[in-house]
Amino acid sequence: VVSTQSTGHTPPPNNKMTSQKAPLLTLAPEAAPLVSAAAASVAPTPFDSSMAYRNARLEEMGSAPPTMRKTGTTICGVIFKDGVVLGADTRATEGPIVADKNCEKIHHIAANIYCCGAGTSADTEATTAMVASSVELHRLATGREPRVVVALTQLKQYLFRYQGHVSAALVLGGVDDSGPSLYTVYPHGSTDRLPFVTMGSGSLAAMAIFEAGWTEGMELEAAVDLVQRAILSGIENDLGSGSNVDIAVLQRGKTDIRRNALTPNERRFRRDGGYAYPKGTTAVISDTFTPFARAADSDDESDATPPANAMQED
């Protein structure tokens, strides 16, 4: 309960430049005990820690705090003399389960711009598809080839708006009038521009390869070999990464997408004739059968029979 108290100062009626003091805020007498009791229970601090005390109290009551979903991927990119090389593994996981052994993590943004995605696959696909559509509309409106920074700005503004709740960690690369560009975009909207980048759960293993082997002004084949070795390092050292290696080579005026450039984990054994399971292997709990014609006839009869009151009125 708050009451306002005037300062008693009356400004001149015609002098707009004279400053006027703001009214003072004072507590009503009946609210003072409540405020003093609340202030005594909280340690003095220059910051508002009320939510921290609330969360601690909820944990004491048995409420577990929410946890982030663990995802797995190794994506990376490197700038070489004439363009950009992007790389990604092809394993999609659902917790401890491998959901897809050969998914695509290199997404098309424009003819000269591609993007690797790590995080929740639905978020990465939807985010990159939305930005690709917007960049294409921008190209049609301006009549010029889109710049990489256009896609970067749209991605980071969209992700920042959702404060990390859109789980999309991206490696954006492309070639435009300003030359090759390579960026990382974090789920909260922050960005980096570097000559070589890695992201995902296997990023540390891939970064070790980059830091040991990258040199400025690399040739195309040396850059492709470096990216392949970096992705293989993530595949071999991270459980969330696996299967094959995808490569995208972006140069001025041309793009080369090398799907399954390396397949180090091919299936080596397949049983001839497949697997045949005898009838009854899976237990049947219940079994009911209703012919469709009988069900349709019963519906028609119920629709054709008028209610009893309607027959009496006729």
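A polar contact is a pair of N or O atoms within 3.5 Å, and within protein one of the two must be able to donate a hydrogen and the other to accept it. In this predicted model, the side chains of T74 and S241 make such a contact, at 2.7 Å.

**Two buried loop residues**

T74 belongs to the loop that connects α2 (50-60) with β3 (75-79). Its relative accessible area is 0%, so T74 is buried. Apart from its neighbours within four places in sequence, T74 touches a set of residues that includes G87, A88 and D89, as well as M199, G202 and A206. A230, I231, G234, D238 and S241 are also among the contacts of T74.

N244 is likewise placed in a loop, in this case between α6 (220-237) and β13 (245-251). With a relative accessible area of 10%, N244 is buried. The side chain of N244 makes a polar contact of 3.1 Å with the side chain of N102. Beyond its neighbours within four places in sequence, N244 is in contact with residues including A88, D89, T90, K101 and I235. N260, L262, T263 and P264 also belong to the contacts of N244.

Five strands form an open sheet in the order β7-β8-β9-β10-β11, and their pairing is antiparallel. L182 in β10 is the bridge partner of G173.

Helix α3 (residues 121-142) packs on the sheet and touches β7, β8 (113-119) and β9; the direction of α3 makes about 15° with that of β7. Helix α4 (residues 148-161) lies across β7, β8, β9, β10 and β11, and runs at about 165° to β9.

**Salt bridges**

The model contains 10 salt bridges.

| Pair | N to O distance |
|---|---|
| R139 and E136 | 2.6 Å |
| D177 and R147 | 4.0 Å |
| R229 and D225 | 3.2 Å |

R139 and E136 are 3 residues apart in helix α3, which means that about one helical turn separates them. R139 is partly exposed, with a relative accessible area of 32%, and E136 is partly exposed at 34%.

A corresponding description applies to helix α6, where R229 and D225 are 4 residues apart and separated by about one helical turn. R229 counts as partly exposed at 39% relative accessibility, and D225 counts as partly exposed at 36%.

The salt bridge of D177 with R147 has its closest N and O atoms 4.0 Å apart. Because D177 lies in the loop between β9 and β10 and R147 in the loop between α3 and α4, the pair ties together parts that are 30 residues apart in sequence. D177 counts as exposed, at 57% relative accessibility, whereas R147 is partly exposed, with a relative accessible area of 38%. Both residues also belong to a network of salt bridges that links E145, R147, D177 and R252.

Notes. Residues are numbered from 1 along each chain as its sequence is written. This is a predicted model: local features need pLDDT of at least 70, side-chain atom pairs count only at pLDDT 80 or more; totals for chains, interfaces and linings use all residues. Side-chain values use heavy atoms; hydrogens and water are left out. Buried means under 20% relative accessible area, exposed over 50%, partly exposed in between (1.4 Å probe, protein chains only). Contact means heavy atoms within 4.5 Å. Two strands pair if DSSP finds at least two bridges between them. Axes are lines fitted to C-alpha atoms, for helices over the stretch in contact, and angles run from 0 to 180 degrees between N-to-C directions. A salt bridge is a side-chain nitrogen of Lys or Arg within 4 Å of a carboxyl oxygen of Asp or Glu.
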